[in-house]
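Open the model in your viewer and keep the sequence panel beside it. This tour goes from selection to selection and says what is there at each stop.

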Amino acid sequence: QDKLPEPYLHIGIDRLIGMMPEHLNNWTGDLNNTDGFSFTQEKDSSGHLISQLQIGPYADKICDLLRTLAITMLNQGFNLIIDEVCLRKNSFENWQKILAPYSTFYIGVQAFLDILESREKQRGDRILGSARSQNVLVHQDNLYDLMLDTSDASIAQCAELVLKNLSLFQMKTP
């Protein structure tokens, strides 16, 4: 954000989740019957824990709200960085459809699974097994303008790659 020549606002699902009443979500994996976000836990074929995100009816509305807010802000002339983990069916395609009228640069962010799981443990604010579950789903069949591998690259290196590729993208866009 700070390195871009024009101001960009950063919006994402985590900010909206932070606005939700806490009792609607269950991040521990022990209950999955909630109107908000929750997790179910199981083991994969190799015995690793997998925590799959469940999206209840209220959480589904929150996900839709993110798209509505993005379009409203774009229509008001704001530049946006939209931070989204596309886990719902057709989520990436839905973003592409609603953002089609706007100049959009899609960036995928990935890392090796062992690194994601290590980060998950270090952070302490994620349910164990969610990285393994989401790693399989999040980039499936999605085409990005730029793919970043954060396994070894620093935040500064990734930012430089984004700036360089965004400049090239803008030169191609009428």
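Which elements do the buried residues of H5 pack against? They pack against E2, strand E3 (49-55) and helix H4 (113-123). Helices (H or I, at least four residues) and strands (E, at least two) are DSSP runs, numbered from the N terminus.

Before going further, note that this is a predicted model, in which local features need pLDDT of at least 70, side-chain atom pairs count only at pLDDT 80 or more, and totals for chains, interfaces and linings use all residues. Residues are numbered from 1 along each chain as its sequence is written, and side-chain values use heavy atoms, with hydrogens and water left out.

**Stop 1: helix H5.** Select Ser 130, Ala 131, Arg 132 and Ser 133, which are buried in H5. Buried means under 20% relative accessible area, exposed means over 50%, and partly exposed is in between (1.4 Å probe, protein chains only).

**Stop 2: Val 85.** Select Val 85 in the loop between strand E4 (79-83) and H3. Val 85 is partly exposed, at 37% relative accessible area. Leaving aside neighbours within four places in sequence, Val 85 is in contact with Gln 134 and Val 138; contact means heavy atoms within 4.5 Å.

Stop 3: Helix H3 (residues 91-99) gives the most to the lining, with 3 residues.

**Stop 4: aromatic rings.** The whole structure has 4 aromatic pairs. Rings of Phe, Tyr and Trp (its six-membered ring) pair if their centres lie within 6.5 Å; planes under 30 degrees apart count as stacked, over 60 as edge-to-face and the rest as tilted.

Select Trp 27 and Phe 37, a stacked pair at 6.0 Å centre to centre with 15° between the planes. Trp 27 is in the loop between helix H1 (13-17) and strand E2 (37-43), and Phe 37 is in strand E2, 10 residues apart. Trp 27 is partly exposed at 39%, whereas Phe 37 is buried at 3%.

Next select Phe 92 and Tyr 144. Their ring centres are 5.3 Å apart and their planes are at 70°, so this pair is edge-to-face. Phe 92 lies in helix H3 and Tyr 144 in the loop between helix H5 (130-137) and E6, so the pair ties together parts 52 residues apart in sequence. Buried or partly exposed: which is Phe 92, and which is Tyr 144? Phe 92 is buried, at 6%, and Tyr 144 is partly exposed, at 22%.

**Stop 5: Thr 150.** Finish in the loop between strand E6 (146-149) and helix H6 (155-172), where Thr 150 lies. Thr 150 is buried, at 15% relative accessible area.
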